[in-house]
Amino acid sequence: MTDATMTLPHRTPPVRQTSTFGFLAALAVFAVTVTVLAEQGAISTSFVKTLGKTLCLCLAAVAMDVVWGYTGILSLGHMAFFGLGGYAIGMWLMYARTEGLVVQSLASQPLPPTPGELRDAIGSQIFGVVGSSDFPLIWMFADSLFLQLMMVVLVPGMLALVFGWLAFRSRVTGVYLSILTQAMTLALALYLFQNDSGLRGNNGLSGLQNIPGFENTSQAALSLGFFWASAVALALGYLLFAWVVSGRMGSVLRAVRDDEARVRFLGYHVESFKLFAFVLTAVVTGIAGALYYPQAGIINPNEIAPIASIYLAVWVAIGGRGRLYGAVIGAAFVSLLSSWFTGGGAPAIALGGYSLQWTDWWLVLLGLSFVAVTLFAPKGIGGLVDLIADRRRPDRQGDYGPDKGAKRAEEGAE
Amino acid sequence: MTLLEVDGISVTFDGFRAINSLSLSMGEPELRAIIGPNGAGKTTFMDIVTGKTRPDSGRVVWGEDNRDLIGMSESAIARAGIGRKFQKPTVFEDQTVRENLAMALKARRDPFRVLFRRADNAGRIAELADEISLADHLMRKAGELSHGQKQWLEIGMLLAQEPRLLLVDEPAAGMTPAERGHTADLLKRLAKTRAVIVVEHDMEFVRRLDCKVTVLHEGRVLAEGSLDHVTKNRDVIDVYLGR
């Protein structure tokens with residue numbers, strides 16, 4: 001045995017878990033199957049969009065799992081970053097498309113429009129709905145796809161950096177931190193609901209499914225394109241996080257989750273590690289949002305209401321915390337089931353004089369399953385994998401010391 | 001050579017003076033036992049040195065360049081070379097023995113270096129595991145170990161940190177007589193190359209350490225010297241031994 005320990009590799013492979021490659025293979029098979037079925041017309045364009053959106057939600061859930069399941073920060077505000085990513089790309093989509101339409105309508109005039117006239121016309125098109133025609137300052141980069149793509153990364157990243165720095169530095173932890181993140185996403189949503197927020201208030205941004213430059217491409221082809229982009233993003237995000245949570249970084253993150261004070265005495269600056277996890281997951285969540293909303297077609301402040309982030313946590317809990325594929329399973333399973341129930345897919349149940357409508361009762365069912373999972377299956381759906389793989393280890397935790405279940409008697413007898 | 005100079009520190013919790021202008025000096029290498037009745041301020045003293053508690057007044061001066069440790073974060077103090085062993089074995093139960101040791105190994109600790117420098121020193125880990133008799137258990141989760149093994153793992157983690165000053169809180173608690181002897185020997189061996197402060201209740205264990213003893217009472221140093229010397233001290237007998 002000592003020999004075996006001596007021959008351990010000096011350099012551990014970047015990503016060790018076999019589950020990572022299993023997941024990537026399953027994702028590839030899934031993506032190809034969906035493509036084939038869609039080309040044959042077996043599944044509708046709107047269903048392809050639903051699946052593509054689900055993949056984006058899965059990516060957000062993987063990020064949530066890293067920040068909650070691995071690092072122990074129960075952030076109930078990550079969907080704010082998702083929404084910000086969506087708004088950032090939505091601004092370009094809306095600007096570029098409106099620009100195209102305005103240029104077309106002004107083409108019939110005898111004199112070509114000046115750049116100023118063009119900008120005014122685009123402004124009144126976009127902001128007419130909130131009684132304005134001037135571009136707010138935050139739209140200054142909206143005409144550049146490249147700059148708005150930078151915003152997809154920078155805006156959620158900066159918000160997470162500032163918020164996280166303030167919160168972690170003050171050593172706000174546990175439920176207080178969760179409440180603070182809820183307050184953050186609520187404040188952002190309330191701000192965006194205002195007409196003078198510069199993002200069209202409660203109307204939000206719409207028409208995002210029309211991609212400028214692809215006017216002649218059918219929605220069927222576009223939806224498949226976004227589906228594949230989402231699948232690739234999920235694969236890359238999964239690989240990135242599998243790499244992050246392996247090795248010494250993963251060790252430290254899980255240690256922060258289990259005993260923050262002890263990690264400090266080991267010499268690790270706990271706040272920096274929390275901030276690292278918080279910001280990185282916020283950025284990836286923002287990217288997921290930027291891929292989601294062109295498929296959804298519309299984004300409004302409701303999307304970043306506090307409940308959205310709570311759903312994200314529920315998905316991860318149901319799927320199984322602390323394992324990346326668990327988050328994917330949870331997000332895919334619950335969100336697809338949710339659209340089936342709320343979309344009228346589930347038949348109503350007649351109970352004598354009362355007809356049980358699933359559109360009303362789905363949330364109750366979801367709430368009950370969340371409670372049930374928390375109480376009876378803390379490992380979530382992902383825990384089933386352990387049963388199948390028979391990887392259950394003897395669960396001897398909590399043997400902490402002389403005053404609590406110590407093994408002194410047994411050891412003394414040896 | 002003086003490694004740690006605690007100079008007139010005082011701290012009050014809700015009107016209770018836990019530490020009352022306490023001064024203490026540690027050389028390198030040196031082994032020191034701190035004894036005292038409950039509430040004498042032993043744990044608070046360790047909390048102050050490791051940065052967990054900030055004193056109301058006084059200075060804690062460290063190392064050749066006379067750095068003041070007060071105001072530094074716990075992690076910075078740990079990186080400066082102060083290791084702490086808690087009374088209860090606190091290892092990361094959900095991680096393997098190897099992961100526990102790898103995390104503790106002396107290395108740069110900023111997040112990006114931790115992220116990109118993925119190779120750990122397998123040779124050093126194997127060495128440490130041998131030293132704490134856990135070589136056969138490297139791949140087991142720490143939570144599966146027995147109480148004694150966890151104590152050893154935590155000691156291994158402290159060794160991996162290569163601290164210049166080691167603060168040890170009641171190392172003999174919950175150990176069998178054989179383990180106590182083993183632990184006393186280990187502490188004496190460690191103190192040959194570094195400063196070690198042992199906080200202990202157990203007089204028999206302190207006698208085995210055979211070192212200078214500081215007696216604390218009500219947050220002050222009551223007596224200092226060899227164990228025989230302090231146990232003959234009238235004040236010490238009054239407040240501690242002669243109860």
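## Chain A overall

Chain A contains 16 helices and four strands, where helices (H or I, at least four residues) and strands (E, at least two) are DSSP runs numbered from the N terminus. The model is predicted: local features need pLDDT of at least 70, side-chain atom pairs count only at pLDDT 80 or more, and totals for chains, interfaces and linings use all residues. Residues are numbered from 1 along each chain as its sequence is written, and chains are lettered from A and ligands numbered from 1 in the order in which they are written.

Of the 414 residues in chain A, 40% are buried (20 or more other C-beta atoms within 10 Å of the residue's own, with C-beta atoms placed from the backbone).

## Helix 9 of chain A

Helix 9 (residues 247-258) of chain A has 12 residues and reaches 17 Å from its first C-alpha to its last, close to the expected 16 Å (1.5 Å times one less than its number of residues).

Because 11 of its 12 residues are buried, helix 9 of chain A is largely enclosed by the rest of the structure. Its buried residues include G247(A), M249(A) and R257(A). Their cover includes helix 8 (219-244) and helix 11 (270-296) of chain A, together with helix 3 (97-104) and helix 4 (111-116) of chain B; contact requires C-beta atoms, placed from the backbone, within 7 Å.

## The sheet of chain B

In chain B, four strands form an open sheet in the order 2-1-4-5, with antiparallel pairing (strands pair if DSSP finds at least two bridges between them). Strand 2 (16-27) and strand 5 (67-68) of chain B each have a single partner strand, so one side of each is left without a neighbour in the sheet.

Strand 4 (residues 57-62) of chain B pairs with strand 5 of chain B over two bridges, and V61(B) stands opposite D68(B).

Definitions and conventions:
Contact = placed C-beta atoms within 7 Å.
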